[in-house]
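Here are a few exercises on charged side chains. Grab your viewer and work through them in order.

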Amino acid sequence: MSTEALYQEIILEHNRKPRNFREMENADRTVAGRNPLCGDALTLWVKMEDGRIADVSFKGQGCAISRASASLMTAAVKGKTREDAEQLFEQFHKLVLGELPEAEQA
């Protein structure tokens with residue numbers, strides 16, 4: 001299977017069965033976002049405990065990429081410290097902008 005086909009399969013799987021797709025009643029933080037260009041709208045909930053992301057969830061409507069991205073992100077940050085999650089974000093942001101050195105791409 002090619003890398004491109006693998007990525008497509010991961011996106012399709014996370015779109016069909018998104019991880020952490022639910023509202024969270026006891027969240028410490030909630031943020032809602034909407035992309036006016038395409039109409040995607042998501043709400044994200046985070047529960048912190050002892051400096052770690054104890055739980056994270058999302059709900060909303062959007063395209064397969066939007067939904068899969070939120071699913072992958074919630075799975076990636078759950079259990080991490082805020083600092084670790086911010087570092088992961090910075091790495092991803094550099095990757096999509098083409099600014100991440102090849103040696104740091106995993």
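Predicted model: local features only at pLDDT ≥ 70, side-chain atom pairs only at ≥ 80, totals over all residues.

**Exercise 1.** Is Glu 86 buried, partly exposed or exposed?

Residues are numbered from 1 along each chain as its sequence is written, and side-chain values use heavy atoms, with hydrogens and water left out.

*Solution.* Start with the cut-offs: buried is under 20% relative accessible area, exposed is over 50%, and partly exposed is in between (1.4 Å probe, protein chains only). Glu 86 has 41%, so it's partly exposed. Next, its partner: a salt bridge (a side-chain nitrogen of Lys or Arg within 4 Å of a carboxyl oxygen of Asp or Glu) links Glu 86 to Arg 82 at 3.0 Å, N to O. Arg 82 is partly exposed too, at 46%. Helices here are DSSP runs of H or I with at least four residues, strands are E runs with at least two, and both are numbered from the N terminus.

**Exercise 2.** Which parts does the pair Arg 22 and Asp 55 tie together?

*Solution.* First, the contact: their side chains form a salt bridge at 2.7 Å, N to O. Now place each end: Arg 22 is in the loop between helix H1 (3–16) and strand S1 (29–34), while Asp 55 is in strand S3 (residues 52–61), so the pair ties together parts 33 residues apart in sequence. Then check accessibility: Arg 22 is partly exposed at 31%, whereas Asp 55 counts as buried at 19%.
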